[in-house]
Amino acid sequence: MGDSNCLFCRIASRQVKADIVGEEEGLLAFKDSHPQAPTHLLVIPTEHFPTLADVTPAQTQLLGSAIQFANRLARQYQLSESGYRVVFNCGSGAGQSVFHLHLHLLGGRPMRWPPG
Ligand code: AMP
Ligand code: ZN
């Protein structure tokens, strides 16, 4: 069951519009509305988990699938050669602002390290 107060649950249930770019069993990918790179996609589990810290051993397969999904999207968006960054912000101190687990896929420009 989705959380009606959660923006990404509402996107997953199509109650809130997003620019959806892909979907597969238990996962949804859509464009970030405030892109930080020429390609900035989000991959979310359709089920609600607040943060990466809430992932249990039972969910590790789903997380692995999210990474495979991100890799496929990276190929689709021609990021394989130039490189891309996959980020999970976990907790507000790390920059998490939406408390529904999501993976950022960023690419299309040079990336600096360490991130700010
Ligand atoms: P984080 O700061 O890691 O929690 O990332 C949340 C991301 O969600 C940010 O990059 C936002 O730009 C993005 N975002 C917020 N609202 C929406 C929305 N309605 N559709 C797409 N992306 C969104
Ligand atoms: Zn949610």
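Modeller: Let's begin with a cut-off: a disulfide is a pair of cysteine sulfur atoms within 2.5 Å. Keep in mind that this is a predicted model.

Biologist: How do you know that Cys90 is too far from the closest cysteine sulfur for a bond?

Modeller: The closest cysteine sulfur to that of Cys90 is in Cys6, 15 Å away. The cut-off is 2.5 Å, so that distance is too far for a bond. Searching the whole structure turns up zero disulfides.

Biologist: Why does Cys6 count as buried?

Modeller: Buried means under 20% relative accessible area. Cys6 has 7%, so it counts as buried.

Biologist: On to the nonpolar core. Which residues make up the largest one?

Modeller: There are 12 residues in it, including Leu27, Ala29, Leu41, Val43, Phe69, Leu73 and Leu105. The elements giving two or more residues to this core are β2 (27–31), β3 (39–45), α2 (60–76) and β5 (103–107). With five residues, α2 gives the most.

Biologist: What does Leu41 touch, not counting residues up to four places away in sequence?

Modeller: Its contacts include Val21, Phe30, Leu73, Tyr77, Leu103 and Leu105. Lys31, Asp32 and His104 are touched by Leu41 too.

Biologist: Which residues are among those of the other core?

Modeller: Ile11, Ala12, Ile44 and Val98 are among them; that core has 10 residues and lies apart from the largest one.

Biologist: His40 next. Why is it called buried?

Modeller: The cut-off is under 20%. His40 has 6% relative accessibility, so it counts as buried. His40 sits in strand β3, and its side chain reaches the backbone nitrogen of Gln36 at 3.0 Å. Leaving aside neighbours within four places in sequence, the contacts of His40 include His34, Pro35, His104 and Leu106.

Biologist: Let's turn to the ligand. Which residues are the closest to ligand 1?

Modeller: Asp32, Gly95, Ser97, His102 and His104 are the closest, and 16 residues surround ligand 1.

Biologist: How do you know that His102 makes a polar contact with ligand 1?

Modeller: A polar contact needs a pair of N or O atoms within 3.5 Å. A polar side-chain atom of His102 is 2.9 Å from an oxygen atom of ligand 1, so the pair falls within the cut-off. For Asn89, an N or O atom of the side chain is 2.9 Å from a ligand 1 oxygen. Val98 puts a polar backbone atom 2.9 Å from an oxygen of ligand 1. As for cover, ligand 1 on its own has 500 Å² of accessible area, and the protein covers 82% of it.

Biologist: What makes Ala53 exposed?

Modeller: Exposed means over 50%. Ala53 has a relative accessible area of 62%, so it is exposed. You'll find Ala53 in the loop between β3 and α2. From Ala53 to Arg75 is 22 residues in sequence and 28 Å in space, C-alpha to C-alpha.

Biologist: What is the phi of Arg14 near?

Modeller: Phi of Arg14 is near 65 degrees, a positive value in a residue that isn't glycine. Arg14 is in the loop between α1 (7–12) and β1 (20–24). At 42% relative accessible area, Arg14 is partly exposed.

Biologist: Is Gln78 buried or exposed?

Modeller: Exposed: its 65% relative accessible area is set against a cut-off of over 50%. Gln78 has a positive phi of about 55 degrees, although it is not a glycine. Its place is the loop between α2 and β4 (84–87).

Biologist: What makes the bond from Trp113 to Pro114 cis?

Modeller: Its omega is near 0 degrees. Pro114 is in the segment after β5 and is exposed, with a relative accessible area of 62%.

Terms used
Residues are numbered from 1 along each chain as its sequence is written. Chains are lettered from A and ligands numbered from 1 in the order in which they are written. This is a predicted model: local features need pLDDT of at least 70, side-chain atom pairs count only at pLDDT 80 or more; totals for chains, interfaces and linings use all residues. Side-chain values use heavy atoms; hydrogens and water are left out. A nonpolar core is a set of buried Ala, Val, Leu, Ile, Met, Phe, Trp, Tyr and Cys residues joined through side-chain atoms within 4.5 Å. Buried means under 20% relative accessible area, exposed over 50%, partly exposed in between (1.4 Å probe, protein chains only). Helices (H or I, at least four residues) and strands (E, at least two) are DSSP runs, numbered from the N terminus. Contact means heavy atoms within 4.5 Å. A residue is near a molecule or strand if one of its heavy atoms lies within 4 Å of it. A polar contact is a pair of N or O atoms within 3.5 Å; within protein, one must be able to donate a hydrogen and the other to accept it, and residues adjacent in sequence count only if both atoms are side-chain atoms. Accessible areas come from the Shrake-Rupley method with a 1.4 Å probe; for residues, only the protein chains shown count as cover.
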